[in-house]
Structure formats: C-alpha cells, structure tokens
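Hi there,

Here is the structure I promised to pass on to you. Please open it alongside this email, and then read on for what turned up in it.

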Amino acid sequence: MPSPHAVPISLTAADRAALGDWARRRKTAQGLARRARIVLACAEGGTNGAVAQALRLSRPTVALWRRRFAERGLDGLLDEPRPGAPRRITDAQVERAVTATLEAAPADATHWSTRSLARATGLSQTAVCRIWRAFGLRPHRVGTFKLSTDPLFVEKVRDIVGLYMAPPDRALVLCVDEKPQVQAVERTAPVLPMRPGRPERRTHDCLRHGTTDLFAAPWTRGPGR
C-alpha cells in the first residue's frame, strides 16, 4: 500500500499513453523519460521508497516528480525555464534545420556539414552543432549492411574464413579486387534514410548493369615455394 505521506496518482488513458511514449525514449530527453517512468511506477501503487529502489533513484527525486505530476499533470514533468539570456532560436528554425538534414542535401555535396547547413538556414555553426547533438543527427556517418539470398552463404563464409584461419600447406591464395572505374548509382537494396540517433544505412555492394570490370590478382612467391 502507498505511504500515507505519498500523493496518490491516477492516470487517464491519454496520460498513460503520453507517459509511455516518453518513457521509451532512448537517445534524447533522458530526464523526461526517467520522470515518466517514475510517475508510471507511482500510479501502480508503489511507495516512494519502493519506486526509488526499483529505478535506482533517491526517494526525494521520486517524491518531487510524484508531487509535480499530481499538481500540474504532464506539464509538471517538463523542464521549467531557466534563468539567463532569452532564447534566440525559434522552434520553427530548429524544425527547418532538422527537416533539411533529414530530407535534403546540398547542391555541391553528398551530405550537409555544419557550415553548409548554417549558411542555408541562416543559423550559426554552433547552433547547428547543438541541434544535431540534441536530435542525434550525424550526416557524415553511413552504415552498411548486406542481406544475402544465397542458400549456400553460410558454407561459403566458412570456407573463406577457414582459408584465412587455417590455410592448407603450400596453398596459393589470390585476393582479387575489382576496379571498374565506373561509379555505381544503384544499390542492391533500398537505402535506409538517416533518422534521429541512427545514421543512413546502405548495402556495401552495387548493381553494375553489365559494366565490364578488369580484375587483377598479383601474387608473389614466398620463401621455399
């Protein structure tokens, strides 16, 4: 049973849905996610001490956000304005910078830099850096992946890896690389666009569409061969 000194918490369906969305955040607004988990745990009937132990927080922290939610609802979990210079970047400017980063590219480059986006949006380079950091955006990073449909893929990987790990005696191994001098513009799978906290991802190989490749495999004779 809750402590007699603990403020009772009751949630509407809308409150529970909003708190659930906040609690699942992983990359940004971790403070807000922690407060949402506190309120959800308190709504289940947990005492301040039990919730603090379960979430590895202090009892005063749990009591603070329990009371703030009871008094002001969801708005009580948001950060209050801090003293200092007034904010000069509007929400519309932040949205424009984030949208441009995710959905557009500069005319003379493959991805935005902090300087090029600052020129395009009228913001300072420092402001762009802060916005990217807040939303987990890193346009310069690209992840690669490969989904093989070869039914013998596992067997072939074992053969190649085994050749390097335990090569046969007096074996001649040729490492071949292709140099087509033709830029491929189509990947073997659709490019997965950049998202907050996740870089753009693409397959490491491309469709050549009949282009001719020149293969070269130089090798040298080792001692005693």
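Arg-16 is partly exposed, because its relative accessible area is 37%. For that label, buried means under 20% relative accessible area, exposed means over 50%, and partly exposed is in between (1.4 Å probe, protein chains only). Please keep in mind that this is a predicted model, in which local features need pLDDT of at least 70, side-chain atom pairs count only at pLDDT 80 or more, and totals for chains, interfaces and linings use all residues. Residues are numbered from 1 along each chain as its sequence is written, and side-chain values use heavy atoms, with hydrogens and water left out.

What does the side chain of Arg-16 meet in a salt bridge? The partner is Glu-44, at 3.5 Å from N to O. A salt bridge here is a side-chain nitrogen of Lys or Arg within 4 Å of a carboxyl oxygen of Asp or Glu. Arg-16 lies in helix α1 and Glu-44 in the loop between α2 and α3, so the pair ties together parts that are 28 residues apart in sequence. Helices (H or I, at least four residues) and strands (E, at least two) are DSSP runs, numbered from the N terminus. Glu-44 itself counts as exposed, at 60% relative accessibility.

The structure holds 3 salt bridges, and here are the others. Arg-24 and Asp-21 join through their side chains at 2.6 Å, N to O. Arg-24 is exposed at 55% relative accessibility, while Asp-21 is partly exposed with a relative accessible area of 46%. Lys-156 pairs with Asp-150, and their closest N and O atoms are 2.6 Å apart.

Asp-15 is found in helix α1. Asp-15 is buried but has no salt bridge, and the nearest side chain of opposite charge, Arg-16, is 8.9 Å away. For charges, Lys and Arg count as positive and Asp and Glu as negative, with His and the chain ends not counted. Leaving aside residues up to four places away in sequence, Asp-15 touches Phe-69 and Leu-74; contact means heavy atoms within 4.5 Å.

Let's turn to the nonpolar cores. A nonpolar core is a set of buried Ala, Val, Leu, Ile, Met, Phe, Trp, Tyr and Cys residues joined through side-chain atoms within 4.5 Å. In soluble globular proteins, nonpolar side chains tend to be buried together. The largest core here has 17 residues, of which Leu-11, Leu-19, Val-39, Phe-69 and Leu-77 touch the most other members. The elements that contribute two or more residues to this core are α1 (13–23), α2 (30–43), α3 (48–55) and α4 (59–72). Which of them gives the largest share? That is α2, with 6 residues. Leu-11 touches Arg-16, Leu-19, Val-39, Leu-40, Ala-43 and Phe-69, again not counting residues up to four places away in sequence. A second, separate core has 13 residues, among them Ala-97, Ala-100, Ala-118 and Leu-123.

There is a helix pair to look at too. Helix α6 (residues 114–121) and helix α7 (residues 125–135) pack at an angle of about 110°, with axes 8 Å apart. Axes are lines fitted to C-alpha atoms, for helices over the stretch in contact, and angles run from 0 to 180 degrees between N-to-C directions. That makes α6 roughly perpendicular to α7, given that angles under 35 degrees count as roughly parallel, over 145 as roughly antiparallel, 65 to 115 as roughly perpendicular and the rest as oblique. From α6, the contact uses Thr-114, Arg-115, Leu-117 and Ala-118; from α7, it uses Gln-125, Val-128, Cys-129 and Trp-132. The C-alpha atoms of Cys-129 and Thr-114 are separated by 6.4 Å, although these residues are 15 apart along the chain. Cys-129 is partly exposed, at 27% relative accessibility.

Find Arg-56 as well, in the loop between α3 and α4. Its phi is near 60°, a positive value in a residue other than glycine. Most residues other than glycine have a negative phi. Arg-56 is exposed, with a relative accessible area of 78%.

Enjoy exploring!
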